[in-house]
Amino acid sequence: MLTTLMSLGRRLIEIRRFVVLSMFFRHVRVLPLLGAALSDGSRGMRFRVRSTVGSMVAAVMAVGFVSFMPTGFAQQPESAASGPPPAKVALTGGRIIPVVGPEIATGTIVVEHGRITAVGPTDEVKIPYDAMEVDVSGKVVMPGMIDPQSWRGLDVSNENLPVAPFLDVYDAIDPSRLYFEDALRDGVLAIHVIQADNCVIGGLSRVVKPIGLTPDEMTIAAQNGIKMSITPKRGFDRMRQLTTLRETFAELDWYLEQLAEQKYEESLEEKEKKIDVGPAEARERGKDLIKDEDYDDKHANLMRLRRGDFGAWIFCGAAMDVQPGITLATDEGFLDNAVFILGAEAHKAVTQLKAAGRPVLLPGNLYYRERDQLTGELKEVFIPSEIHDAGLMFALQPNPGGSLAEAYLNYQAAMCVRNGIPRQTALEAITINPATMMGVGDELGSIEPGKIANLVVMSGDPFDFESWVELCYIDGILAYDRARDYRLEKQLELEATRAEQAKAEEDATKGKPDDDDGDDSAEEGDEATSEGASAEGSSEEGDGDGDGDGSGESGDTGGGDQ
Amino acid sequence: MRDVEAAANSFVVCAGRVITSSWRGEWDIADGIIVVRDGRIEAVGSADDVDVPLGLPVYHYPDATVMPGMVAACSNVVGQRSGDESIGAGYSALDAFNVYGDYRGILAGGVTTVHIDPGWYRLVSGQGAVVKLGGEPGSRVLQSPSDMTFNLGPRAYLPPDIVEEVYPSSGAEPIEPGVPQRPDSRIGQYLALREALDSSVIGTGEFNVHLRDLSAWWQAGGTARVQVNDAADIAGAIQFFSSNLMGSPVSRSRSNSNGVKPYLVGCREIGDVLDLVSDANMGFVYTLPSPLGQPGGNLGNNPEARDADITVLSGLFEAADEGRVSLSTGSGASPSGLRLAAATALRAGLTERQIVNAITSVPARQLGLGGRVGTIAPGADADFVVLSGAPLSIETHVLKTFVNGVEAYSIDQDDEWGEALVVRAGTIWLGPNNWLHDGAVLIEDGKIVSVGQRVPTPPNARVIDAGPDAFVTPGLIDAYGHLGLAGDQSAIPPNLPLERLVGYPDVSAGRVARSGVTTVLTGPYRFDNNGSRIAAIKTWGGSREARVVNGTAAIAFDVRGGNPRSLANRIKQRLEAGKKYVEKWKKYEEELKEWEKKKAEGKLEGDAKPKTEEIVEETAKEDPITGRWSMRIFGGPMPNEEEGEIALKLTGSSIEGRVTEPYVPIEHKIIGTLDGTHITGTIEVDTGGMGTPTWEAELQGEDFMSGTAGIEGLATVNFEATRTSKEAVEFKVSKRKRRTTGKDGRPLPPKVDESLEPIRALLNKQIPALVAVSSADEIDALLKLISEYELGVVLLGAEGARDRTDLLKEKQVGVVLPTRVLRQDDWEWYHQGDDLSRRGIPVAFQSNAEDGARTLPEMALYAVSRGMSPESALAAFSVDAARMFKLDDRIGSIAPGREGDLVIFSGYPFEAQTVVERVIVGGKEIQP
């Protein structure tokens with residue numbers, strides 16, 4: 001165990017050295033690979049060899065560079081980006097989907113020190129003379145997509161304790177999760193890491209970006225919300241779940257009264273006076289004497305929740321959970337900060353949700369199917385349509401347990417468009433809406449001056465399933481480049497090999513010619529087309545590489561690699 | 001019903017019986033009317049007392065009983081709570097109730113309102129609620145909390161220890177072992193209750209949500225729901241809860257003004273403590289054992305063990321007044337069985353009224369909702385159940401359940417069931433001198449399934465209880481009428497399928513149907529020389545398929561007036577033609593049989609490939625036919641002369657051609673054969689089954705022909721044509737292959753000749769010939785011919801039958817009586833039906849009219865008045881008529897497998913005051 005830790009530590013040190021060095025080359029495209037190195041042993045080994053070579057070369061260079069560095073630069077704290085972001089970047093020539101505001105057919109985005117400073121049509125935006133220009137013509141630029149809730153970044157998704165508002169996911173985020181790498185690859189540049197639904201009251205959540213070696217580095221915003229579940233936790237029924245919720249807040253009131261009484265007594269003791277009033281009066285007088293630090297761990301976050309310091313993310317797995325959730329939030333005064341997370345059939349309570357007027361987070365499976373218990377007739381509802389028709393703000397989440405496609409946020413949004421929801425609404429549901437729900441709507445979720453430069457460059461329209469993520473910028477730094485995504489490359493190679501093998505096996509089983517001549521010839525025809533298709537696939541990959549070269553950055557990174 | 005906009009939950013119900021369960025006003029109303037407005041009952045009463053408001057839809061349930069939606073004071077709709085606390089006053093059953101739930105399974109049992117409790121397993125299990133199982137989710141909760149639930153008895157003993165979760169646990173704050181809870185025993189439960197009440201009022205210094213809620217309930221003087229079964233616990237509960245003091249010193253000192261209102265639930269052993277019951281000022285909910293549908297458990301050899309004894313109810317109802325005892329299913333059973341379980345209380349000698357109240361208005365009052373649910377009274381919610389019969393009959397089923405004036409359940413929603421109808425009546429006429437008294441008929445999917453003193457009553461069945469006076473006969477048969485012809489008096493050729501006239505029943509069909517005539521042998525007014533088809537059709541039904549019994553039930557000829565022998569010869573000619581046609585089919589059938597045999601034996605290799613014969617056709621260069629012909633058509637039915645052009649081509653001796661002028665969108669090929677100067681041929685065109693048009697012409701000199709064209713038996717036109725060009729017009733490839741066998745060598749059937757099809761059926765003895773005859777001579781000639789071919793025959797009219805009775809009897813030939821039934825013989829008037837039936841010749845009645853058939857049943861009355869036996873008259877309308885036309889396996893009698901056609905008379909059909917009350921065709925009642 002110890003040795004494993006030590007070797008991991010060594011590996012980390014090596015990698016970190018490499019990262020610091022590669023910062024000089026402005027564009028960090030190796031971060032996802034670091035994640036890969038950490039999480040995948042065999043790949044890590046290979047990478048280590050490569051990085052060792054790299055670090056030797058880089059070390060020599062570093063000695064030279066460090067002496068040239070301005071002192072301020074060298075002394076910058078190791079913030080989220082682990083180094084200085086490239087000062088200025090301009091993405092030019094692409095189609096821009098800013099989400100807030102109309103689309104720009106051919107536009108330019110200027111990023112300075114990690115923030116967007118200008119966005120507009122190419123002929124209107126002035127590019128600073130010292131900005132690095134990246135030509136993204138023919139591509140589509142959109143804000144980084146946002147996963148509105150995920151526990152896949154945690155080591156364990158739930159705590160056993162039913163009421164645990166004193167926990168924080170900070171302690172459980174595992175930066176080496178492959179999930180973060182996948183998120184980056186899919187254009188998801190902000191993730192709301194929050195405890196799962198198997199709780200009564202869960203811990204505090206956190207908004208993170210999918211790069212970084214420690215939770216601190218990854219953090220965009222901390223303590224954004226607290227998970228609460230109306231649907232019973234495992235081993236509970238609804239009576240126990242709701243009684244526990246009511247009890248928690250009733251106990252908080254009782255605690256506050258006791259605390260106030262105690263504070264009043266203490267204040268008298270300081271003045272060396274004896275208690276002069278009845279307990280009720282003492283509680284009243286002591287109320288204002290309570291300071292934030294007086295609350296114990298168990299109650300502090302509940303007080304902050306009531307005060308509106310962060311949102312309540314209330315899970316309602318069934319329609320019958322919605323009204324109790326709304327009632328609880330109203331009674332305890334945090335309805336204005338509540339987000340309702342809907343389960344499969346919770347949309348049936350759309351009337352109640354509409355009355356509450358709070359944003360909702362839809363289940364990953366956007367279709368709800370139900371059989372009539374008497375006739376066996378299958379009824380199908382497209383959930384986002386129900387919510388959209390009620391005029392509620394909603395966010396979409398991926399459905400990794402569903403079909404392959406449902407794991408992509410842009411696919412989920414495209415499904416909404418296909419079912420009649422306006423394109424703009426669907427776009428908002430994967431960008432600005434989740435950002436607003438997490439309380440970071442003024443930082444993330446759109447391409448506007450002043451916002452964090454989290455940008456996704458796609459090969460085509462995000463709702464076209466033939467488009468893919470080409471580049472991702474986080475804080476204005478190139479964080480992902482498909483052309484350099486070795487794992488993806490290997491994966492695709494592997495899949496191509498598997499497909500070939502499968503085909504070969506199929507051919508082998510079909511080796512003997514069939515009795516019927518006509519059918520045989522038809523099969524031959526099919527084979528011919530499938531070969532054509534695979535040839536096309538490989539040429540597409542080639543194109544991707546070509547684009548990477550064309551952007552003019554590959555030279556730098558190539559140097560780093562060596 | 002008026003087509004006026006009305007709120008969906010505003011309507012009027014008319015029902016055969018309405019049970020109101022009301023304390024004031026009538027309890028049981030025959031022919032009742034309920035006015036529902038906006039989901040509430042506005043008025044209820046008998047048809048004479050209540051004015052039906054205009055503009056509301058009216059629903060008729062003439063055979064149904066309507067009773068209030070039942071109220072289950074105990075249910076398993078929400079489960080047990082899972083918390084460990086012995087005193088769990090903070091738990092609320094409502095938390096576990098799904099307002100969006102689909103409770104049609106329970107609504108199907110007629111229960112609309114239920115009490116939900118948090119369980120039977122802790123001393124204080126929590127707060128109960130009263131909810132509806134249907135309606136808008138927002139309106140389903142009637143009362144919450146409705147009461148605090150206490151459980152006394154062994155099930156509440158020995159609760160688990162309570163372990164407090166300490167976080168973070170440490171040396172200073174360790175996780176302590178669990179704290180034990182009360183009660184362990186019967187005596188301990190009262191101690192635990194007193195302790196809980198005292199500490200809830202005084203406080204313990206620790207926060208406890210359950211004690212807080214118990215205290216709030218106590219201060220407010222809430223209702224105590226005490227769930228007990230054992231006699232000792234019942235006695236204890238009555239003592240503990242009946243006094244306001246409850247044995248607690250604190251509660252004694254702080255007795256509240258309202259006082260706690262208790263009611264007991266369960267009460268299995270209440271028979272042992274009845275003396276306490278009469279003095280106790282509280283309600284009782286007796287939970288019924290539910291043995292229906294599942295076998296009981298073993299009691300073993302323990303002499304103390306005993307089954308729940310429902311007869312204690314007689315004592316309980318005596319000890320407590322009626323309004324204090326309600327009945328319910330047990331906490332573990334679904335309330336859907338409430339009505340049946342309650343019906344078993346009849347064994348305890350309770351009345352229908354006591355039992356119905358005990359599952360409707362009494363529990364509603366106990367739960368604090370009296371006047372709102374559980375009763376059909378002005379101001380109450382429109383929650384009611386439509387039952388197929390008496391509320392406590394085992395054979396009764398719930399047809400519909402309404403909640404807040406909206407249909408929440410209907411048996412029709414259940415796709416699994418088809419249509420079913422049960423008709424009960426004092427007398428059912430199964431056949432001559434075969435009467436079934438107090439019988440019933442079950443019709444499923446249009447066919448009679450069961451007949452007898454008792455028949456099964458499927459859950460979906462509509463039940464018509466016609467009463468002890470009612471007399472049910474099979475649907476009446478009109479042996480010769482014209483329903484559907486709509487005044488068309490022409491003779492109809494034998495190739496015309498008559499059933500195409502039949503569609504959705506029109507006004508005249510409805511008139512005939514309502515008179516009791518359910519089947520008409522419909523045929524043309526005049527018969528074609530080549531015979532006409534007679535179709536057996538129902539007078540009612542939703543579609544053509546449902547209405548046509550047999551499209552060709554007979555082929556009809558007319559041999560009246562003229563030389564009887566020559567007329568009979570004409571039939572003979574047709575029969576000979578038919579014979580050849582039958583031969584063709586026989587040959588084909590034999591070939592097919594042979595082929596199938598070979599195929600089964602696997603000897604088909606040689607014949608497996610389809611056989612074809614090649615027809616080679618040469619194109620002639622110059623001939624008397626090829627070219628364009630300008631032609632003139634005239635005569636026949638054509639009002640004006642028409643002109644046109646055709647193009648013909650001669651190949652060998654066969655001619656092929658097209659009409660080129662005027663342009664006809666549907667291509668039709670002219671085909672013919674040249675034989676010298678005579679041309680015969682056909683025109684290939686789809687005439688919708690009317691037959692193939694033929695043409696015939698004679699070449700007269702060069703380039704001129706004249707002849708006729710037309711459809712046999714329908715119309716013929718003359719034409720003349722002159723050749724204008726000798727140029728050949730190419731139409732198509734003239735070489736073709738014709739298949740003589742099917743793909744796998746299967747022999748192909750011969751071409752169907754619609755005009756000979758009825759003759760084929762006749763010769764195959766599938767249908768009879770209906771022959772209009774009059775004189776004895778005609779009967780002689782006809783029967784001679786018929787016996788030659790051994791065919792079935794029915795005589796139509798046969799006025800001279802009296803003189804040939806022996807012959808007719810010998811040949812067992814039936815007679816359709818003439819419309820003028822009274823005949824004179826030697827100045828003696830006699831009724832032909834009476835005369836023939838008495839001599840053993842089967843007879844049937846005809847209307848010889850379209851909707852004139854509606855008065856046909858009157859003719860039976862007249863026949864009986866003229867001496868005909870009533871049984872023969874009924875047989876003439878049913879079984880005899882059906883047998884004549886070989887339809888007796890489908891209609892004409894009441895027996896399993898026959899069509900569900902019934903006529904319900906108000907009494908014996910041959911009494912002057914008797915009327916036709918209801919008519920059922922194919923298992924569906926004809927709406928008045």
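**Stop 1: the barrel in chain B**

Select β26 to β33 in chain B: eight strands close into a barrel there, in the order β26-β27-β28-β29-β30-β31-β32-β33, with antiparallel pairing. Two strands pair if DSSP finds at least two bridges between them. From one strand to the next, the twist averages 30°; such angles run from 0 to 180 degrees between N-to-C directions, with axes as lines fitted to C-alpha atoms. Strands here are DSSP runs of E with at least two residues, helices are runs of H or I with at least four, and both are numbered from the N terminus.

Which residue of β33(B) stands opposite Gly710(B)? Look for Thr716(B).

**A word on the model**

Everything on your screen is a predicted model, where local features need pLDDT of at least 70 and side-chain atom pairs count only at pLDDT 80 or more, while totals for chains, interfaces and linings use all residues. Residues are numbered from 1 along each chain as its sequence is written, and chains are lettered from A and ligands numbered from 1 in the order in which they are written.

The mean for chain B is 85, and 91% of its residues reach 70 or more. Over residues 1-6 of chain B, the pLDDT is below 50. For the complex, the predictor gives an ipTM of 0.73 and a pTM of 0.72.

**Stop 2: a helix in chain B**

Next, select residues 231-242 of chain B, which form the 12-residue helix α4. Its buried residues (20 or more other C-beta atoms within 10 Å of their own, with C-beta atoms placed from the backbone) include Asp233(B), Ile234(B) and Phe240(B). What covers them?

**Stop 3: where the chains touch**

Show both chains. The contact takes 21 residues from chain A and 26 from chain B; two residues are in contact if their C-beta atoms, placed from the backbone, lie within 7 Å. On the chain A side, the largest share, 10 residues, comes from helix α7 (residues 238-270) of chain A.

**Stop 4: chain A as a whole**

Finally, select chain A, with its 18 helices and 18 strands. Of its 562 residues, 43% count as buried.

Conventions: Expected span 1.5 Å × (residues − 1). Buried ≥ 20, exposed ≤ 12 C-beta atoms within 10 Å, placed from the backbone. pLDDT = per-residue confidence, 0-100.
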